[in-house]
Each structure stands twice: as C-alpha cells, then as structure tokens.
Amino acid sequence: MRNNMQDILIHLEKDITESLEQTNLNEIFEKLNQIKSPIICSGVGGSMPCAVFASKIFQEKNYISYTLELLEILQNPNQKLPILLFSHSGKNYGIKKVIKNKENTYLMTTRKSKIDKEITLKYQENKKEKSFISIKSTLISMSILLMYTKRKLKFPKQIRYNIPEFQTIEILKDANTKTAATYLESTFIEANIAPVIVHDKYSFCHGRTTSTYYQDNLIIYLISKKTALDENLLNALQKYQKKIIILDVNEQDPVLADFELTIQGLTLLIQIAEQKKIDLCNINYAPFASELYHNQLGEF
C-alpha cells in the first residue's frame with residue numbers, strides 16, 4: 001500500500017507498467033472491439049478524466065462519442081446508445097444504477113465479481129494507494145486505452161514549478177487538453193486545494209476575461225500544440241502580469257499529449273498540495289461526504 005504522495009509519484013511509471021503486465025489486456029481489447037457505434041462515456045470524480053479520454057479515443061476511430069455525467073444518463077429514459085463506464089471499485093450507487101437500467105453497458109474497473117449484466121473490463125492494480133482522490137487508477141485506465149490504440153506509453157520528466165500564492169485557480173484548456181483539465185479540476189476540488197474556474201480558450205476571449213483581470217488568481221495554461229490563439233492569450237496575460245503556470249508537452253500526437261499533460265498535472269498538484277500543507281493521501285473530507293455517497297436513495 002502506497003500512502004505517501006511522493007512515493008506514489010516516484011513509483012508511478014513502474015506501478016502502472018506492472019499493473020498492465022498483470023492485466024489481461026487482450027480480453028479488454030476484444031470487448032472494446034465490440035463497440036462499433038456512437039457511444040457514451042462516463043464516470044464520477046477521478047474517473048471522469050478516463051471518460052473524457054475514452055471519448056477522444058473513440059472519436060479517433062470515427063465514432064460519435066459523448067461524455068456525460070451519470071445523472072444526465074439516468075435522467076434521459078430515451079438514451080439507448082452503448083455506455084462505457086469507469087469506476088475503480090465499480091460499486092458506487094450511480095454506476096450500479098446505470099448498469100441496472102441501461103442495456104449494453106461496459107465497465108472498466110478493478111472489481112473482480114460481476115454484480116449485474118455489465119460487460120466487465122477488469123484491470124489489476126499493483127501496489128494499491130491510500131487516497132481520497134484517484135491517482136493511479138485514473139492513469140491505469142487511460143494507459144489501457146492508449147495501448148488499445150497501439151500507442152506506446154510515454155511518461156514525461158518531472159518538472160519543479162514556481163508556485164506563487166493564490167486563492168483561486170483558473171484553467172485554460174482546449175480540445176487537445178480536455179482530459180488534463182478535467183483531472184486537475186476534479187482533484188483540486190476534491191482535495192480542497194482551491195476553487196477552480198475552467199475556461200475554454202476561445203470562450204475566454206468573449207467576456208470571461210473580467211474576473212481574471214480583476215482578481216489575483218493562479219492561471220494554469222495547458223498547451224498541446226501551440227496556436228496563434230495561444231500566442232495571443234499568453235501575450236495578453238503576461239502583459240497584465242498575471243500569475244501563470246504553463247503545462248506544455250513536446251508531443252505532436254494530441255492523444256499522447258493529453259496523457260502526458262495529465263501526468264504533468266499530477267506533478268503540479270502534488271507540489272501545490274505540499275506548499276499548502278495538504279496531504280493528498282489523507283484528505284479531511286466533509287462530514288456529510290460518506291452520508292451522501294452511501295445513502296443516495298430514491299429516484300433521480
């Protein structure tokens with residue numbers, strides 16, 4: 001059991017590689033190959049970045065793919081598309097409710113037993129972690145999806161960031177960096193590191209600059225392929241001396257780039273948490289968190 005964030009980070013590549021070696025990847029790939037139509041991808045918390053990443057993978061295969069919250073799926077009785085779910089335990093209420101009420105549902109999970117009619121994509125987790133947030137399980141699922149496309153895993157070098165004081169975080173993202181942005185937002189909020197505002201880069205140019213200018217927020221700017229829009233935005237933000245941390249990767253493949261940016265995001269998260277003296281392996285969560293998680297009774 002890994003119960004220290006630096007320990008998790010140091011052994012991340014090794015633990016993920018060994019987890020994949022212990023997983024029956026061919027069986028998972030055979031089941032994923034059954035999907036030959038538009039699909040909905042979904043998860044909760046740290047599993048939602050996996051859903052965003054999966055949606056990107058299936059769009060690459062020329063299938064229409066949607067990323068929806070579980071509640072959106074459950075509140076739409078007319079939804080008949082296949083669903084690909086992500087859940088480390090596979091036991092949370094919303095996941096089980098979707099599986100029970102929807103046909104043709106796939107679940108990527110560590111759960112060994114089948115609790116309903118889902119098509120289970122089971123993976124192994126080497127050296128489990130103690131954490132309220134999702135770290136390795138998120139990246140293992142994303143790694144499986146990468147290998148499904150016959151891409152090789154690439155782990156970026158760890159960078160030490162200069163982190164200024166801040167109260168609120170703003171994340172600027174685009175289609176090529178959506179997974180990393182989703183991961184950062186979820187973890188910052190679940191770990192009580194800071195309130196988060198996520199901006200689409202183009203929407204940011206149309207009115208969302210106001211709070212950025214008048215408030216002293218930390219901006220995390222995600223870049224996969226630098227564009228003229230990136231140049232203009234960064235020039236403007238630097239002109240007005242905004243606090244900016246740029247996460248950038250030297251990778252032309254947009255899928256690999258988003259994967260590497262997510263790992264860079266984890267490195268940044270750990271450094272910010274250390275600065276704020278927050279133990280990501282031992283989060284002081286809200287007293288009603290467990291009550292809500294385990295007692296979501298009734299209809300949605």
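1. Strand 1 (residues 39–43), helix 4 (residues 48–60) and strand 2 form a β-α-β unit that is right-handed, meaning that, with the strands pointing away from the viewer, the path from the first strand over the helix to the second runs clockwise. Helices (H or I, at least four residues) and strands (E, at least two) are DSSP runs, numbered from the N terminus. The model is predicted, with local features requiring pLDDT of at least 70 and side-chain atom pairs counting only at pLDDT 80 or more, while totals for chains, interfaces and linings use all residues. Residues are numbered from 1 along each chain as its sequence is written, and side-chain values use heavy atoms, with hydrogens and water left out.

2. Strand 1 pairs in the parallel sense with strand 2 (residues 65–67) over 3 bridges, where two strands pair if DSSP finds at least two bridges between them. Within this pairing, Ile40 stands opposite Tyr66 of strand 2. Strand 1 also runs parallel to strand 3 (residues 83–86), to which 4 bridges join it, and here Gly43 lies opposite Phe86.

3. Helix 4 packs against helix 12 at an angle of about 170°, their axes lying 11 Å apart; axes are lines fitted to C-alpha atoms, for helices over the stretch in contact, and angles run from 0 to 180 degrees between N-to-C directions. Helix 4 is therefore roughly antiparallel to helix 12, a term for angles over 145 degrees, with under 35 roughly parallel, 65 to 115 roughly perpendicular and the rest oblique. In this packing, Phe53, Lys56, Ile57 and Glu60 of helix 4 meet Pro254, Val255, Asp258 and Phe259 of helix 12, where contact means heavy atoms within 4.5 Å.

4. A further sheet, open and of 4 strands, has the order 7-6-8-9 with parallel pairing. Strand 7 (196–200) and strand 9 (243–248) stand at its edges with a single partner strand each, so one side of each lacks a neighbour in the sheet. Strand 6 (residues 169–173) pairs with strand 7 over 5 bridges, and Leu172 stands opposite His199 in strand 7. Helix 12 (residues 254–275) packs on this sheet, touching strand 8 (218–223) and strand 9.
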